[in-house]
Amino acid sequence: MIDIRRARPGDGQALWQTTRSLAESHDHLDAFVATPEDFEVALFSPAPLIGALVATWNGELAGTAIWQRSFSSFRGRETMYLEDLSVLPAFRKQGIGKALLREVAKVAVAGNVAGIAWLVMDWNDKARSLYEKIGAEIVPGHSFCRLHGEALKALAA
């Protein structure tokens, strides 16, 4: 049985665990430096940076969804950026990913958020299939860009 709830203090370890599993499955473990404490601070500081949901299956941690608040200058309203949707390998194909997406959508609608955006890896056919089934638009011609590490420091200099 799936149970989904908003993250609460003490869930930093659960968010760390699922995000680490995601990094491992995407072969990005070398870039994973977050700690459980980082998640606690980001979620529960006076000005939280993120929101999160925790999914359990029969009482066991099964997955999480982590988002950030954003703003659409075209729509003039808040949007959400879904940073990570992670279901632990032992719990995949149980409907947990879809249930987490549904709950994120409920949070967005309740908050009058204009939309939710996220990325999907080109090679991740299972995720792409799920996203298409729920009605998500996979936008062609858009590429994700990031600036971090030494390149960020060099540009700022």
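Me: Is Phe32 buried or exposed in this predicted model?
Reply: Residues are numbered from 1 along each chain as its sequence is written. In this predicted model, local features need pLDDT of at least 70, side-chain atom pairs count only at pLDDT 80 or more, and totals for chains, interfaces and linings use all residues. Buried means under 20% relative accessible area, exposed over 50%, and partly exposed in between (1.4 Å probe, protein chains only). With a relative accessibility of 17%, Phe32 is therefore buried.

Me: How are the planes of Trp118 and Tyr131 arranged?
Reply: Rings of Phe, Tyr and Trp (its six-membered ring) pair if their centres lie within 6.5 Å; planes under 30 degrees apart count as stacked, over 60 as edge-to-face and the rest as tilted. The ring centres of Trp118 and Tyr131 are 5.1 Å apart. Their planes stand at 75°, so the pair is edge-to-face.

Me: Which residue has a relative accessible area of 9%?
Reply: Trp118 has a relative accessible area of 23%, which means partly exposed. The residue at 9% is buried, and it is Tyr131.

Me: How far apart are the end C-alpha atoms of helix α3?
Reply: Helices (H or I, at least four residues) and strands (E, at least two) are DSSP runs, numbered from the N terminus. The expected span of a helix is 1.5 Å times one less than its number of residues. Helix α3 has 15 residues (96–110), so it should span 21 Å. The end C-alpha atoms agree with this, at 21 Å.

Me: Which residue with a positive phi follows α3?
Reply: The phi is near 55°. The residue is Asn112.

Definitions and conventions: Heavy atoms only, no water.
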